Amino acid sequence: MPQSIKRYSYITDRLALVDGKTLPVAAAEATEEGNFLTLLYRSLGIDYPKFFKMDSLSKLGFLASELILKDESPRFTPREDVAVVCLNRSSSLSTDVQHQASIQHEDSCYPSPSVFVYTLPNIVAGEIAIRNKLLGETSFYVCREWSAQLLLRMASLSFCDACTRAVLAAWVERFDGVSEAFMMLVERDGLSGIPFSAEHVEMLYQNTKTQNT
Amino acid sequence: MEELILQLKQEIIKVLNLEDVKPETIADDAPLFGDGLGLDSIDALELIVLMEKTYGIKLEDPARGREIFKSIRVMAEYIHANRRK
Amino acid sequence: MIAWAGDNIISSLGFTTEACYRSVEAGRSGVRLHSPFMGLAEPLMASLIDREQLNDSFAAAYSSSDGYTALEKAAILSVGRAAAQAQVDLSDPGVLLVFSSTKGNVHLLDENESQPHREHIYLWHTARLIAERFKNPNEPVAISNACISGGCAQIVAMRELESGLYHHVVVVGVEMLSKFIVSGFQSLKALSPEPCRPFDAARAGLNLGEAAATIVYQRVDREEKSGDVALLRGAVRNDANHISGPSRTGEGSLLALQALLREVARSDVAFINAHGTATAYNDDMEATAITRAGLHATAVNSLKGNFGHTLGAAGVLESIISAHALKRGALLPTCGFKAGGGELRLNVLDKAGRTEKPYCIKMLSGFGGCNAALLFKYVKEERPCRNP
């Protein structure tokens, strides 16, 4: 049976969508840039204080996964058959810059351990795994630009592990004024859903992105 | 001492991103680690940075943190006795 | 079958695999105390690539340096040497490059660095530069999965080869140190001021290291024959526990090990080359996972005492040394280990030995809760099939 996309989500620093539909969330309240993710978190009624300790890349990926998984049942039971695969352009550079600023001047060199741990892009995949008790494969790849083809290929690589029955596949980018997460829940034996092909992934991404502008 | 305790609570909330915690909800003698505030090993390391950056106290052995970060009061007393800033 | 076709290591212990292997065999370490550099305030116990030797070797091999960073030079030099050994033409569209690094050229974020080409801070850009240097027409895969990256890169290679799109995949792992990396590990209180002591009761943290390491894998559509080293299996699993603290139960590592051992008898495993960073928690976690996987009697070693922790290069570098050991029937000693301790006792190799067994396992763990394990096989001689 072919792989299919069960749900997908899209988040920027101004709006959030699930399956192409804009969430009523806070869109009007989100006056300040950057606080949208906190408003979105609050609107979802999640009680997960670790959220506030995450860097912005992890917050983006975390919320994208919450939008997709919030109605899944059962949740939070340990499972090995779900993989998390993320891609972006800028790795963890948005947080790297923060760590660099803390060590730039010798007279005030106080690197923060809680910033440094986020100077690895794959932490976002780890945060999603921890939240949902996903014991499967977690991977992070870096590429020049958004590519539906590459996202498809990397998610497909995770299906090469016979254990993997579903993949959370995401583009999560945060740097240089860009803040964007596009995530899909792809199932190996999806009974319904959108075919997991480069054309469909590109279409979903572009359609959702257009609503953003 | 009470002033230092309040200041310390505010600083801890800020550096550990305890978004939904208010200074008045942290009891002076409650354990910082374990169930209390849900702090972890990175938070402990972050408190070591706080001690050095704000109070000029260097803790080379992270294991020492376990005694010093027992509660806000124990931490405040240690800072009071050892601060250089 | 995914077969080994060539390799190279560039590290503090030499610029060829053979030189590095001989050093490990003899129990030598490339870790030493370096006077403050890169803007660091204090001396650093670390394993560093000699910059002068790197520049000289690069200049000897390539006429133009094209403004490459030290990291790019090391990676290009390593890929070039491994490809030459494997007799692979990298400009062939059937060859894919897989690049592994945690931080790439992150030192360029420093205000004091001259930055003629800001794009060098992007990992994908570094991967492209390497591919372009050898006129490889394919977009390289760049993986950044913390300290298991070098293991993941090999798993990607295996899967890409099995897909049939490529006949060779070149996996390169590279990491160079910077104030960025060192200060971060200092803030985590993870560094040992002394040469590290993996699995030792008195271990006090890790040493950082630099390396560029390359493996060329090849898909061969025939039965295995004597002399082959094959990458049989690889698995990545997450602890789903904590972003930086290793799982107390070793959950992810255990699951990764179990995924490898479905069709292999534990008694056929010659040795496990552990991640063995020499931090208290990592080594305990691995001991727990190895014991829970029923491998407590299997010989275990760590190469961190020789090379330090080379982060995104570690998985590639340590797989190379391990594969060569397997091929030579050698059990390599754990540099820095004297006596174990704690509740879990592993069969840690404190001196060199011999083995006749056909399999070895490479284990890796990293921040983000990720763990990887790889299973290698050396085909010593034609054997009759045990299960006709």
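How many bridges join strand E4 of chain C to E6(C), and do the two run parallel or antiparallel?

1. Pairing of E4 and E6. The model is a predicted one. Six bridges join E4(C), residues 95-100, to E6(C), and the two strands run parallel. Within this pairing, Val95(C) lies opposite His168(C) of E6(C).

2. Pairing of E6 and E8. E6(C) also pairs with strand E8 of chain C, residues 211-219. Here the sense is antiparallel, and eight bridges are found. His168(C) has a bridge partner in E8(C) as well, namely Gln218(C).

3. Burial of E6. Strand E6(C) spans residues 168-175 and is mostly covered, with eight of its eight residues buried. Both faces of the strand are covered. One side carries His168(C), Val170(C), Val172(C) and Val174(C), all buried.

4. The three-stranded sheet. Chain C also holds an open sheet of three strands in the order E2-E3-E7, with mixed pairing. Its edge strands are E2(C), residues 31-34, and E7(C), residues 208-209, each of which pairs on one side only.

5. Pairing of E2 and E3. E2(C) and E3(C), the latter covering residues 44-47, are antiparallel and share four bridges. One residue pair can be named: Leu33(C) has Met45(C) in E3(C) as its bridge partner.

Definitions and conventions. Residues numbered from 1 in each chain as written. Chains lettered and ligands numbered in written order. Predicted model: local features only at pLDDT ≥ 70, side-chain atom pairs only at ≥ 80, totals over all residues. Heavy atoms only, no water. Buried < 20%, exposed > 50% of the residue type's maximum accessible area, 1.4 Å probe, protein only. Pairing = 2+ DSSP bridges.
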